[in-house]
Amino acid sequence: MQYVMFSVGGVEFGAPMDQVREVAVLPPVTPLPGAPDFIEGLINLRGHNLALINLRRWFRMPTESQVSGDEVMVVRVKTIILGVIVDAVTNVTELDPRRIDPAPNVLGGHLEGQVVKGVCRVGDRIVVLIDFGEALNPQDRRVIEVLHRP
């Protein structure tokens, strides 16, 4: 299976290629007061308004600045299209499913076994494999669905 490899906060991640629609330079962000803290705001990408997810906040990583990365990866989460802030998209890699280990059980919360699907050694690096299709809990999904109503 092919994975899009990207980095956030010094951690390497991979997401299934079929969930990633495109990668673009991060456009200006419109903040959304009262939104969950991992929603950075809204962006307009080629005439489409997308909720922008800050993965550093979502994964509870240290944040260096309000918007940490300079690229946005556009992903599909079931029926919703979202923007995700990443530091860099590095490449697309074919991974052998037999070489993917289960997600460590130390993650806890909504991450274990849902968003984080496993880890895989790629060369001398360990890559965390995530599934954006399982990314949002029902409450967060409702918030983002409201943002995407015409």
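Which side chain does the side chain of Asp131 join in a polar contact of 2.5 Å? The partner is Gln19, a polar contact being a pair of N or O atoms within 3.5 Å in which, within protein, one must be able to donate a hydrogen and the other to accept it, while residues adjacent in sequence count only if both atoms are side-chain atoms. The model is predicted, so local features need pLDDT of at least 70 and side-chain atom pairs count only at pLDDT 80 or more, whereas totals for chains, interfaces and linings use all residues. Residues are numbered from 1 along each chain as its sequence is written, and side-chain values use heavy atoms, with hydrogens and water left out.

Asp131 sits in the loop between strand S11 (125-130) and helix H2 (138-147); helices (H or I, at least four residues) and strands (E, at least two) are DSSP runs numbered from the N terminus. Asp131 is buried and yet has no salt bridge, the nearest side chain of opposite charge being Lys117 at 4.3 Å. Here buried means under 20% relative accessible area, exposed over 50% and partly exposed in between (1.4 Å probe, protein chains only); a salt bridge is a side-chain nitrogen of Lys or Arg within 4 Å of a carboxyl oxygen of Asp or Glu; and Lys and Arg count as positive, Asp and Glu as negative, with His and the chain ends not counted.

Strand S11 also belongs to an open sheet of 6 strands, in the order S8-S1-S2-S11-S10-S9 and with mixed pairing, where two strands pair if DSSP finds at least two bridges between them. Strands S8 (88-94) and S9 (100-101) each have a single partner strand and stand at the edges, so one side of each is left without a neighbour in the sheet. Strand S2 (residues 11-16) runs parallel to S11 and is joined to it by 2 bridges, and Gly14 has Leu129 in S11 as its bridge partner.

A salt bridge also links Glu12 and Arg125, whose closest N and O atoms are 2.8 Å apart. Because Glu12 lies in strand S2 and Arg125 in strand S11, the pair ties together parts that are 113 residues apart in sequence.

The whole structure holds 5 salt bridges, and another of them joins Arg57 and Glu40 (3.1 Å, N to O). Arg57 lies in helix H1 (residues 55-58) and Glu40 in strand S4, so this pair ties together parts 17 residues apart in sequence. Glu40 counts as buried at 6% relative accessibility, whereas Arg57 counts as partly exposed at 27%.
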